[in-house]
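Work through the two exercises below with the structure in view, and try each task before reading its solution.

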Protein chains: 2
Amino acid sequence: MTLNKILPQWLQRYQSSWLSGDLIAGAIVTVMLIPQSLAYAMLAGLPPQAGLYASILPLFAYALFGSSMTLAVGPVAVASLMTATALAPLAVAGSADYATMAVVLALLSGAMLFTFGLLRLGFVAYFLSHPVISGFISGSAVLITIGQLKYIFGIKIAAGNVIMTISAIIKGLPALNSSTTLIGLSALAFLFFARSSLAASLKKFGINARAADLATKLAPMMVVIISTAVVAIMGLDQSAAVSVVGNIPAGLPSLSLPEMQWQHVQQLWMPALLISLVGFVESVSVAQSLALKRSQRITPNKELLGIGAANLASALSGGYPVTGGFARSVVNFAAGANTPAAGIVSAILMSVVIAALTGWFYYLPHAVLAATIIVAVVGLIDLKTLKESWHYDRADAISLLMTFAGVVLFGVEEGIVLGVVLSLAVVVWRSSHPHMAVVGRVPGTEHFRNVDRFAVDLQPGLIALRVDESLYFANAQVLEDKVESLVAADPSARRFLLIMSAVNQLDTTALSMLDELEKNLAEKGIMLQFAEIKGPVLDRLRDTDLGERMKDRIFLSTHQAFLK
Amino acid sequence: MTLNKILPQWLQRYQSSWLSGDLIAGAIVTVMLIPQSLAYAMLAGLPPQAGLYASILPLFAYALFGSSMTLAVGPVAVASLMTATALAPLAVAGSADYATMAVVLALLSGAMLFTFGLLRLGFVAYFLSHPVISGFISGSAVLITIGQLKYIFGIKIAAGNVIMTISAIIKGLPALNSSTTLIGLSALAFLFFARSSLAASLKKFGINARAADLATKLAPMMVVIISTAVVAIMGLDQSAAVSVVGNIPAGLPSLSLPEMQWQHVQQLWMPALLISLVGFVESVSVAQSLALKRSQRITPNKELLGIGAANLASALSGGYPVTGGFARSVVNFAAGANTPAAGIVSAILMSVVIAALTGWFYYLPHAVLAATIIVAVVGLIDLKTLKESWHYDRADAISLLMTFAGVVLFGVEEGIVLGVVLSLAVVVWRSSHPHMAVVGRVPGTEHFRNVDRFAVDLQPGLIALRVDESLYFANAQVLEDKVESLVAADPSARRFLLIMSAVNQLDTTALSMLDELEKNLAEKGIMLQFAEIKGPVLDRLRDTDLGERMKDRIFLSTHQAFLK
């Protein structure tokens, strides 16, 4: 019983038949994770070991607290970029201060997520709409790609905004490092080929589909091995100044928390919040789409605890913000992972790597890591959502494009805040311009529709208006103006029926508008009536002056009011 | 024909019978306007002539462009306070710079309002809800009252926030100027008496109601005359150091615009925008309530032009931001004003005052002006709206209280921004937690209501859910969770009917949620159906993958779907 409470559900019910799937998936994910963890640490401006550290304890922590069976947690591209953006103005990349602040960021992020989970605040993530997330991810991918070009060409450029970076790269091209460029472009070409057509080519040669797909996923590791061997054998790091990873301190991370400084908290809480939200949304959407394929459910509030615990564990072991990654999770799922035990397998294998094998990465060229990153993030650029939303809802498409442009031109944080504000502004804007329809009865039914769209029966002396929005301060006056103009246009009107089937809220401002409207109409000899008021709205209306005056003029259905 | 286009409508149709009303009302308003314009200029931190200047040309401008027949334009308390708040951090009150910046503020404010009017953006003012306006006005009234106490007691205190001001006044009380305090408190007592019971007392003595009411409105002018005479005769400005208005430069203002500096525009655009919006909302609501009493209409976009022109005129003649004032407008209306000609009468009389009579105000004590201000603004404190909204809609009451507290504790601009953000957040918050109801048919009708509230018929195998909110990113997931849990709780379900009568918008995020939901339900052998989709929503839905798949499962009415 006590054990039941402590151990996660999947472990209590663990079946031995699940083990082989978990072992294989864990091993395959590890082979992807090694180059990615080194690459994303570089993207985050951190030493390579930070990426490795972030790939061990967090996986255990997620396995204990998370709700997805197949989510692969660890360093990811977007959170790494956000870490770099948050820390760049505060410390020099590569310095001890910088690494400490990355740990603080993971700590704050983990604490926030865990707290949100305990408070069941998972819904805050819903405020990031699909188009905003899509624009954000695409923008980040472009920003990351541009940021990695310097490694591909082996040129040094100063930090700056995207325009400055592009112009610095163009200016720097004549002085590129030719060996680095050759390695970088070859790696890029091979990885793009592997991604787009390796599996198909292998299948043509008679290799079975699963093995072919697997080979595709392992391509980055192959590139790592080949390029490292070439650089080591030819001594290119010395003879051609090819920039390489170099020494990585061996051994498992020591467990300790950084000394928290109040100043750091002040500087980092906002980036930590954004990293948390974005990481959480990314994780949940990956986890959910994978869970649905097996008719499993994931629980957003448990996911908060899981990702939160992973970040706390990352902070404890000298890592940086982590979350559930898209590509590795899909591979984990496809390779047959049954439970988070697959993640534990990966974590154990990563421990072996960091304990004993870090020397193997000495000659790994930075250009290859950059190529790995670029190929991974280019796959994240999402034109489909743009196309669909452009077709379906122009305002959503504009939110997407503005978020994208905001991220690329102003930065990741600015971009996402812009996107959220814009998408909320659209919601408010639309509700402040409500659709309203004068309705009549569809002949032979009790159903009422727009007089402009349907051939309907009307009742002499009655104007029936359906307002398609909750009534509140931003649109109360609009409704009043509409009623006044309808009444002015129809001198025969004796009754004005307001159909409230779409009115979900009625605030104080709208209430006082209706109160005045009722009086004004009465002075003109027109009786205001209501129909189809929803329960919750009616409950509150009954207790007011207006509700009292109107009590015999509130009808359950439009039909009843129509017959009256 | 040309004349028709140039002259305002009221002037084209002017009838000689209107003249006496306009003359009398104009004269009475002038008697109120003289002390108020001096007092509000003091409140704004400006020399007395700025208030007088702001009471001439703006009245002409409004008469040409405005749409209200009875709105009395000029310096008002809240705009004066906002002017002082905007300028305090930028220049020393009383300096030439300060006065110049006040003119720039009127210029920006006028330009914004006029532009909004041309672009027909009158609706932006709707984003200030009644509770936010109420909290803002009450908060401003408290802030103004506290700010005037130093004049009542004749003590000097440094500028600061409300807590600092109160403690400085308490500390300064032992050193108060006793003559000033006597004058100030007497003025206060008389004015409060005049406001609350003078009219009733006079009526008891047989004076007719109209004259009694009039006497009440003229009370401030009486206090001005008596106190000025007392100070002048007794020489209290010298012998008892009673602070008086002193020299006011005589003569009409010269017409000129200040040299605009880019820096001023940057510093002042935000306060100018807030002053514009608040002033406009105040004007429109006063104008509208007066217009309704005579079955007239005011046009918000024309009001923007009117108030905008008034502010431009104020800037041109060395004034500061003006708007339609509550108290003077009510008096203007009650005194029988028929057209803006009454305002022109006031403007002409004010010209006479400033051309020839400024010397008469030399001995007018500041304490009397402060008393005038306090009595005027205390009347603006609005507990009724608080009480009503507390009863009707707690969230509105909280917006009101937070706006009030924000204004008093942090300042007028911060307070109103807080109020607007908060009231919009409530709207978004509510729509992200939609009310949903499983419905059944009211026996013997085609009408469907909540199963928890009504005794209704159900159809075996059918779950019919009505969602009472537009579907968009912030609530799409909430609906999906609700559907999943209803389906999980009812294994007999074969059809799930989503009733969209309250769905006024359906964004991309909600669309992709519904698309996924349809697939998930189909896998479980449950058919998703829609009913009562509104025209605009259906038009867009038809063109999508989901719309295509669902096209035979979208019903006009719930009733049709129910019978199916």
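**Exercise 1.** In this predicted model, determine at what angle the axes of helix α8 and helix α9 of chain A cross, and which residues make the contact.

*Solution.* Begin by locating helix α8 of chain A at residues 130–153 and helix α9 of chain A at residues 162–172, whose axes come within 10 Å and cross at roughly 35 degrees. Next, look at the handedness, and you will find that α8(A) passes α9(A) in a left-handed crossing. The contact is built from A:Leu143, A:Ile146, A:Gly147, A:Leu149 and A:Lys150 on α8(A), which meet A:Val162, A:Thr165, A:Ile166 and A:Ile169 on α9(A). Sorting these residues by class gives 6 nonpolar, 2 polar and 1 charged.

**Exercise 2.** Work out how chain A and chain B are related, and describe the contact through which they meet.

*Solution.* First superpose chain A on chain B, which takes a rotation of 180 degrees with 0.0 Å of shift along its axis and leaves an RMSD of 0.1 Å. The two copies are therefore related as by a two-fold rotation axis. To place that axis, find A:Ala502, the residue of chain A that comes closest to it, with its C-alpha at 2.0 Å.

Then turn to the contact itself, to which chain A gives 47 residues and chain B gives 47 residues. On the side of chain A that touches chain B, at least two residues each come from α8, α18 (383–392), α20 (412–431), α22 (508–523) and α23 (535–542). This side of chain A comprises 16 nonpolar, 20 polar and 11 charged residues. Finally, 100% of the interface residues of chain A are also interface residues in chain B, so the copies meet through the same surface.

Definitions and conventions: Residues are numbered from 1 along each chain as its sequence is written. Chains are lettered from A and ligands numbered from 1 in the order in which they are written. This is a predicted model: local features need pLDDT of at least 70, side-chain atom pairs count only at pLDDT 80 or more; totals for chains, interfaces and linings use all residues. Copies are superposed by least squares on the C-alpha atoms of residues with pLDDT of at least 70 in both. Two residues are in contact if their C-beta atoms, placed from the backbone, lie within 7 Å. Axes are lines fitted to C-alpha atoms, for helices over the stretch in contact, and angles run from 0 to 180 degrees between N-to-C directions. Helices (H or I, at least four residues) and strands (E, at least two) are DSSP runs, numbered from the N terminus. A crossing is left-handed if the near helix is turned anticlockwise from the far one by less than a right angle, and right-handed if clockwise. Ala, Val, Leu, Ile, Met, Phe, Trp, Tyr, Cys and Pro count as nonpolar, Asp, Glu, Lys and Arg as charged, and the others, Gly among them, as polar.
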